[in-house]
Amino acid sequence: MSEQRRIRIGMDTGGTFTDVVAFDESTGRLTTTKTPSTPDNPADGFMTGIEKVLAMLGGFEHLDRSRQGAAISAVSHGTTVATNQLLEGKVEKLGFVTNEGYEAILEIARQSVPDGYGNSYFWVKPDRIVPRHLVRSVPGRLDHTGAELRPFDEAEAREVARWFRSRGIEAIGVCFLHAYANPEHEERMRAVLAEEYPEAVVSVSSEVLREYREYERSMTTLVDAAVKPKLSRYVNNIKARLDAYAAAEGQSGPPLYVMKSNGGVLSADEVVHQPITTVLSGPAAGALGAALIARTAGFDKVVTCDGGGTSTDVSVVIDGEPSLTTEGSVGVYPCKIPMIDVATVGAGGGSIAWLAPEGNLKVGPHSAGADPGPLCYLKGGTDVTITDAHVVLGRIPAHLLGGEIPLDVEAARTGLRALADKLGLTVEACATGVLEISAWNQANALRQITVKRGLDVRDFTLTTFGGSGSLLLCRLVDILGLPSVLVPPNPGNVSAFGLLTVDVKNDYVRTHVRLQDALTTDDLSTVYAELTEQARVALAKEGFAESEHRFLRFADVRYFGQAFEVRVPVPQGPIDDALIDEVATRFHAEHRALYGYDFADDDSQQVEWVNLRVSGIGAIRRPTLVKQEVAADPGVPVERSRRGVCFDAEQGYLDTPVYWRPDLQPGQVVTGPAVVEEFGATVPLHPGFTARIDEYFNIIVTREGQA
């Protein structure tokens, strides 16, 4: 019987833990677990997770590894390899090839300062991703239509290739002016590099980002080249380990998919050629998993809060779809690719509490990570962390993962006492202060993705997940005025669950700047047809039949004279004048929603189309969330234990009931103060709050007296 089972596995590798969810396709059963991450070699934690979840599923014990592997239909993986490399600034030597006369494009960059010009006195311009002495140029020039103004100088291109080879610069980005309109010069440069320097890893802008704005296109191409070597080694190592573990003789192992920033996945064989698409791999999976759970539970407007060991990621979900952006960045590097719009703040469980030179208490963004970790881990950590504050206040138990990882409360208390003495506070006041700062850090990140974009955060339900995401939810309700909070079952594994809900998705873009009055239906039809064909070929390569293909069209539109665009969906069907008018109508409405005004009734303000986009989607079978019946009398929740918990330093420790979440049934209500624990997460319920278990085993937290 075991031979017929088909198991799909989602695996999200975070800074502290690797989360695993297995979906039995025959029964619909979901099995979840976690295992410590292994930063020195993430593949070790990956394979441990595979073995652990198969053991939990049962029925595989008598099979050898290759027969166990035959039951795995696919593995979808979310990784932070590219993200962490960029955040930590660990970019090895890069080379950059551009047009003659434009060697300073990275130095000129954009005339903008983070946090506004009021910060210009303090802001220090970061180092360029490629220092000026490693930028080389080649004569040749195209105009904005792609017509050749000056021929490509192949002899000089060969000299450039040899120059990089002589200096051992193995990663090279190529970005020529107007290559979005005609990639010929870039393709010839790549061919020269392949002949003169075949060991080099090369990224060309016409493949990475085929749209205008030279600085952003250059940076995105260079980021792609920067992460390509490390990500390729990582993915190929994972794939080889998976093959060795799960493959029968003469066969490869189960398909390995890697999460992309745009909310889709791509096969491991293809993702090594498109590494830039993975820069927000892990956070994207969490947003998608939370979106599905919240939409199923009846919540259409949601902000998500994914708290891990190192950071907290927040995003907006409307009607089940996370917001997308192409104006994102990772660390100091702009990445103009489609990505789920996620804001990240250094407020994870391992975030360090420290004193600024002026004596103020700060929390994050530095993290103790998984190794050495918080003081209570007893692995050599020397700094007080958010986790230490929680365990001292009794808000989390003295262990993690259901007892697999014991925590030393006294070690945390000793560290907090030393910090508290410097501040002239009690241990409890210091610990609650650490958590209050962390809560405000998270609240500010949530405001960043809502209030700053014209959205009222009070209209949204907060969905918290991740190992630490739900620990401060009651404070977030009060700080932001939120109506309610949804905590999914197994919140520590929502990102891994999200990997099982993700379709294969590829995005294609072409710059096509035209005033609406100058647009022709023939030109639009031609470009959209070419982009759709690219998407069709990619889906076929991924193994999807024509009947499984789905294509979505978009356009980036603006008012003539504006510097930035608004993305709007383009209706399906033939491209005619009525469709062009409908896109303009959608643009006016979206512009008003974002900025509070539009020029729909002002004929002097012309609409201009800038970029045309197509997304190709190959659907997969998603797990089904089963709705439960609510008993007429669900009964009173049964306490598992009691312990002293401090919610307020002045009130001290309250004798607080502790509930085991798997014991709670739909319809039951828990009243604070209380603590709800489960294998991978904890929900501290402050006085004045109630928690209701809904039909899908979600916890719905509200202020007492609210619906």
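User: In which strand does R510 lie?

Analyst: This is a predicted model, in which local features need pLDDT of at least 70, side-chain atom pairs count only at pLDDT 80 or more, and totals for chains, interfaces and linings use all residues. Residues are numbered from 1 along each chain as its sequence is written, and side-chain values use heavy atoms, with hydrogens and water left out. Strands are DSSP runs (E, at least two residues) and helices likewise (H or I, at least four), numbered from the N terminus. The strand that holds R510 spans residues 504–515 and is β27.

User: Is R510 buried or exposed?

Analyst: Buried means under 20% relative accessible area, exposed over 50%, and partly exposed in between (1.4 Å probe, protein chains only). The relative accessibility of R510 is 13%, so R510 counts as buried.

User: With which side chain does the side chain of R510 make a polar contact?

Analyst: A polar contact is a pair of N or O atoms within 3.5 Å; within protein, one must be able to donate a hydrogen and the other to accept it, and residues adjacent in sequence count only if both atoms are side-chain atoms. At 3.1 Å, the partner of the R510 side chain is the side chain of E530.

User: Are α12 and α13 roughly parallel or roughly perpendicular?

Analyst: Helix α12 (residues 409–423) and helix α13 (residues 427–449) pack with their axes 8 Å apart, at an angle of about 90 degrees. Axes are lines fitted to C-alpha atoms, for helices over the stretch in contact, and angles run from 0 to 180 degrees between N-to-C directions. Angles under 35 degrees count as roughly parallel, over 145 as roughly antiparallel, 65 to 115 as roughly perpendicular and the rest as oblique. The two helices, α12 and α13, are therefore roughly perpendicular.
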